[in-house]
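This report describes the layout of the chain fold and of the contact between chains. The sequence and structure come first.

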Amino acid sequence: MNQFTFEGKTRSMLIGGIILGVVSMLLTLFAGGEMASTRFWSNFLHNATFFLGIGFMAAFAMSVWITAWSGWFVMSKRVFEALASFMGLGGIFMLIIAIGNYAGFHHLYHWADAEAVAGDPVLQGKSAFLNKHMYLLATVAFVGMWWFMNKKIRDYSVDEDTNGRFGDFKHMYSTRKWAAGYLAIAGYSSAIIIWLWLMSIDAHWYSTMYAWYAGSSWWVSMLAFAILIIIYLKSKGALPNLNEDVIHDLGKFLFGFSVFWTYLWFSQFMLIWYGNVGEETIYFHTRINEYPFLFYLIIVLNFPIPFLVLMSNSNKRKMGTMVFTSIVVIIGHWLDFFLMIKPGVRHTAMEHLAHAEHATAAHTEGGHEVAHEVVEHVSHFAAGFTLPGFLELGTFIGFLSLFLFVVFNTLSKAALEPANDPFIEEAKHHHV
Amino acid sequence: MKTKKNIVFGLYDDEQDLLKAVKVSNERGLKIYDVYSPFPIHGLDPLLGLKESRLHIVGFIFGTLGAMTAFFFMSWIFKIDWPNVFGGKAFLPTPAFIPITFELTVLFAGIGMVVTYFIVNGLSMKAETEVLHDRISDDKFCLAYDVTGTAFEHTNAYESLLNDTGATFVSSKEMSDL
């Protein structure tokens, strides 16, 4: 079975998931409450960046391996190509958010509020970079470039199946040029785009490790998805020549980069904790005091579990263990993104509401108290902000189904085994 | 008093020849005493039926020991023995302990594994090892059989296998237990 067919039960299940997601998002938007719109848009941003990042990292991984003359991953390269194909749709989602900055769909970003910037010297100082035009420009230019270069890599790869032949390296050399270019551009642009999309939510705060930290979250989730899809395909009898040594190697990656993520997470935390500068510690102060459960849960899910489970050699060769760890890690990193986004978004929205209330109540005696009370709400529990509620779960399932729909659709477009790749024999006989 | 062993061995020029010889040997049901090679050979372990090394378990135990030593020692110093305020932090500033805990984990695991390896293999500064042939640590690949107490006609089977599979040098040597 060299051709993946995407139909029947899997297809209808994923369509069901997408419908569930759409219903959840509509419920979030129209269920009422003063924070409904913010909850909707922050969920949208959360899932769009999470899955777009996974696509981006799949293309990044392929580029690294192609540039490094790797042979082992070639048997599974269609899976990575399929994961990367979500970048197009993810880019459109981010474009909606970028346009939303102009059209006033949402109040995700403090710096996008002209009134707030006018009275805030810190935001004024950053306004050369943190502004609507830069956000739109970076989103369009960078995601556009990623998408285009990935498309080139994919096109050469698929074309090789029909027009390539044994001993012909033409496709490989062309692919290498685009892969090397992708590395050079993606390395810098991903950091810039993470600052804009995610770090700027806490507009006053910054951390030089943030881009790496968020990027490694994407990378680990991408590996987990690749492992899950490869195991799924193998359970269907596809990819017979992909031996378990490849999954073993991906398991090593998952193990290693889980440790890498922890290293970045902890370094960021410890430097800020040690430095003890008020405007930096506020980030962790908020998260430890108001989100203690999530804060510690994320560390447990993303470090001790993959570390201890994947430590032994034989566990990386057990499919059940690999599936379990991959799912845990995906949930862990999704929650990690939740905690990156929600506290800042909530704070911005609260201030915005307080400001609006203040404007209407400015001339009454109780005006200040009303405004004060609204800000006080920040520390109270709110489903969808303090913890993910059912609507967040539904939205996640929706985006996940859409993501898998795109991935399986791309998988079904080309042969699973790239028969004419120069490295195919090496991949077949890969041995660790 | 160590018992003497009678070893029949052959030298090969290439590791692929050695791998083939091991396969043929397994087919003929001859029990291999040991294989010597200047470098690790891919795919040799399963052919010889070697089990996975348990050295990494030792590494884990020593690593855990190192982590606990570092963490509890520092906790004892800063909390109990000599409480001191550094930079306005608490008496038990756990985040500050993590880097050192990590370093000692690696140190203990590394040294613990080396020491265990030396002890298990009986290596010390006074250890003396007889070598079958000088070139097995240089550029030759050696396949050895223990033929102590084997009748002559059976010894012949080992030698003919070594010759059949392209050994460039076949010999026997009496040596104390390796």
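The domain bounds used here come from an automatic or database domain assignment. The model is predicted. Chain B is divided into domain 1, covering 4–51 + 128–176, and domain 2, covering 55–120. Taken over C-alpha atoms, the centres of domain 1 of chain B and domain 2 of chain B are separated by 45 Å.

**Sheet of chain B**

In chain B, an open sheet is formed by four strands in the order 2-3-1-4, with antiparallel pairing. Strand 2 (34–36) and strand 4 (169–176) of chain B are the edge strands, each pairing on one side only. From one strand to the next, the twist averages 25°. Strand 2 of chain B is joined to strand 3 (residues 141–146) of chain B by three bridges in the antiparallel sense. B:Tyr36 has B:Cys142, in strand 3 of chain B, as its bridge partner.

**Helices across the strands**

| Helix of chain B | Lies across (chain B) | Angle |
|---|---|---|
| Helix 1 (residues 15–28) | strand 1 (4–12), strand 2 and strand 3 | about 25° to strand 3 |
| Helix 5 (residues 152–164) | strand 1, strand 3 and strand 4 | about 20° to strand 1 |

**Contact between the chains**

Seven residues of chain A are in contact with seven residues of chain B. On the side of chain A that touches chain B, four residues are nonpolar, three are polar and none is charged.

Note on methods. Residues numbered from 1 in each chain as written. Chains lettered and ligands numbered in written order. Predicted model: local features only at pLDDT ≥ 70, side-chain atom pairs only at ≥ 80, totals over all residues. Contact = placed C-beta atoms within 7 Å. Nonpolar A, V, L, I, M, F, W, Y, C, P; charged D, E, K, R; others polar. Pairing = 2+ DSSP bridges. Helix = DSSP H or I, 4+ residues; strand = E, 2+ residues; numbered from the N terminus. Axes fitted to C-alpha atoms, helices over the stretch in contact; angles between N-to-C directions.
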